[in-house]
Amino acid sequence: MTTAIPNKDLAGQRIIIVGGGIGGASGALALALRGAEVELYEQHFEFKEVGAGLQIGPHGVKMLERWGLKEKAIAGGYLPDNMVFKDAVTAETILDMDFGEEFRERYGAPYLVIHRSDLLNLLLAEAEKHGAKLMTGYFATGAEEDEEGVTLTLKNLNDGEQLVEVRGDVLIGFDGTHSIFRQEIVQDAPVPSAYVAYRGTSNMENETEDAKKINSVVGYIGPRCHFIQYPLRQGEMLNQVAVFQSPRYLDALIDGSEVPEDWGNNEEFKDAFSHTNEYIQSRLGNMWLNNWWQMADREPLEDWVVNDRIIVMGDAAHPPLQYIASGAIMAMEDSEVFAVFAAEAAAQGELNWGTVLREVSDERAPRCNRIQTTSRFWGEMWHVDGVARHVRNEAFRQAERTGWYRYADWLWDYDPSARAYIENPELGKLPPALRDWEYLLHKIDRQREEGKEGAEITL
Ligand SMILES: Cc1cc2nc3c(=O)[nH]c(=O)nc-3n(C[C@H](O)[C@H](O)[C@H](O)COP(=O)(O)OP(=O)(O)OC[C@H]3O[C@@H](n4cnc5c(N)ncnc54)[C@H](O)[C@@H]3O)c2cc1C
């Protein structure tokens, strides 16, 4: 049973968090709300998020509600009426998902879109209000556990890189996809997806009449690319994301030649949408050209526990591709699950950190593995060409006619107190009909391992 928050269930527990992204900020808040003594260390001199919009589905809004931030987030964000998928070649609508009353009742929360920095600032301010200590300019170099707790070593970048040590009862590595703590579990590398994202925002006041009418999350999906639009900040701002497959990246992978460092550069961007509808092409002038994001995830990790005092969460544990818009939400759910499990154990007088960390990993890893794998699948489905594109469009139309909730329930209807994945780890698997699907990047690797080269490799 979960007790009301704020409470003092974790009073006296010293919790160290490394990383001040949305994950670390959520962790600091969820634990400060249970009375823990939280210290968060961020390497940068200020807390900041790169990029603009974040979609926060009802599974994320429910976390904000638990932490008392739902109304503030909605006031600063935007509640889209629906999510509309369109074919990127014809601009025809193929699926319209209504986010009205029925949706909100089913999932217990609305669908929100919000500026990344607005969400980060809300979480940090609230965490600080509840007593979390938030430190910037500290770079974590490693941590050692012992019988009594954990010692974190940091370089204090505010003071000539002097080494400092801090003590805690437990440490959460919320240190992102290049986590130093993940490395202690597995020495894996990011898996680049061959897709690259360009982002851009504009002031709605200066926008076209068409753009001013956008009150949805709109996704144009098409061969090897997609284009997303949605309003932010109560409609004052328009957020756009243009994503495409880099031919140079893919060619290098197939040839086995060196991958160019600047794959997805402006030259490639210039041609990447020439096969799409003219509306999309007319919007590309608004994208930022000085930066692009080479999309990558990592292979799912079965166990997040480094040792009895250290765990990884957020992108450090499960960096996803962005296609089901849940990376930040997974980090928020991780935080709440960690706080609920720890607070429950403490309230029962049975707080053993090793046990809590294992329970958190057992609940969260299967769910996040499914989200990571589904994101790969969903991305591939968006980007198909030829006859597969027509079949995909028909499947989307069919889902609208016969009801799409059944495809989304597992994602959006999550209760962090219910231990559903501990009770039934099968929930973490793809549905049986999809189990023999093979991720494109794995397919290329497999064929190379079988000795195929160049044109022998089929996609
Ligand atoms: C194009 C794109 C669109 C996306 N859209 C969505 C979306 O709509 N919805 C959604 O939920 N998610 C989305 N995501 C995913 C989401 O942005 C991430 O999953 C999420 O922000 C991860 O948060 P995090 O705190 O775990 O990691 P990060 O944001 O990477 O934060 C890690 C922090 O740790 C710090 N750090 C790292 N190492 C150290 C160290 N040694 N010492 C001290 N500090 C350290 C870093 O400086 C950083 O601040 C999207 C991602 C992309 C790329």
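**Terms and the values behind them**

Me: Why is Ala91 called partly exposed?

Reply: Ala91 has 14 other C-beta atoms within 10 Å. A residue is buried if 20 or more other C-beta atoms, placed from the backbone, lie within 10 Å of its own, exposed if 12 or fewer, and partly exposed in between. The count for Ala91 falls in between, so the label is partly exposed. This is a predicted model, in which local features need pLDDT of at least 70 and side-chain atom pairs count only at pLDDT 80 or more, while totals for chains, interfaces and linings use all residues. Residues are numbered from 1 along each chain as its sequence is written.

Me: What makes Arg224 count as buried, and how does its phi stand?

Reply: Arg224 has 21 C-beta neighbours inside 10 Å, and it therefore counts as buried. Its place is the loop between β13 (217-222) and β14 (225-232). Arg224 also has a positive phi, about 60°, without being a glycine.

Me: Is Lys429 buried or partly exposed, and how do you know?

Reply: Lys429 has 13 other C-beta atoms within 10 Å, so it is partly exposed. It lies in the loop between α14 (420-423) and α15 (440-449). The C-alpha atoms of Lys429 and Glu394, 35 residues apart along the chain, are separated by 25 Å.

Me: What identifies the peptide bond from Ile5 to Pro6 as cis?

Reply: Its omega is near 0°. Pro6 belongs to the segment before β1.

Me: What makes helix α1 mostly covered?

Reply: In α1, 11 of its 11 residues are buried; among them are Gly23, Gly24 and Leu31. The buried residues of α1 pack against β1 (14-18), β2, α5, β7 (133-136), β11 (170-173) and α10.

Me: Why are α1 and α5 called roughly parallel?

Reply: The axes of α1 (residues 22-32) and α5 (residues 116-129) come within 8 Å and cross at roughly 30°. Axes are lines fitted to C-alpha atoms, for helices over the stretch in contact, and angles run from 0 to 180 degrees between N-to-C directions. Angles under 35 degrees count as roughly parallel, over 145 as roughly antiparallel, 65 to 115 as roughly perpendicular and the rest as oblique. The pair is therefore roughly parallel. The crossing is left-handed, a term used if the near helix is turned anticlockwise from the far one by less than a right angle, with right-handed meaning clockwise.

Me: Which residues make the contact of α1 with α5?

Reply: On α1 they are Ile22, Ala25, Ser26, Ala28, Leu29 and Ala32, and on α5 they are Leu119, Leu120, Leu123, Leu124, Glu126 and Ala127. Two residues are in contact if their C-beta atoms, placed from the backbone, lie within 7 Å. The set divides into 10 nonpolar, one polar and one charged; Ala, Val, Leu, Ile, Met, Phe, Trp, Tyr, Cys and Pro count as nonpolar, Asp, Glu, Lys and Arg as charged, and the others, Gly among them, as polar.

Me: How do you know how α1 is oriented to α10?

Reply: These helices pack at an angle of about 25°, with their axes 8 Å apart, and are therefore roughly parallel to each other. Their crossing is right-handed. Residues of α1 including Ile22 and Ser26 meet residues of α10 including Ala328 and Met332. That contact holds eight nonpolar, four polar and two charged residues.

Me: What makes α2 and α10 oblique?

Reply: Helix α2 (residues 58-66) and α10 pack at an angle of about 40°, their axes 9 Å apart, and the two are therefore oblique. His59, Gly60, Met63 and Arg66 in α2 meet Ile329, Met332, Glu333 and Glu336 in α10. By class, this contact has three nonpolar, two polar and three charged residues.

Me: Which residues come nearest to the ligand?

Reply: Of the 31 residues around the ligand, Gly19, Gly21, Gly176, Gly314 and Gly327 come nearest; a residue is near a molecule or strand if its C-beta atom, placed from the backbone, lies within 6 Å of it. The largest share of the shell, four residues, comes from α10. The shell has 15 nonpolar, 13 polar and three charged residues.
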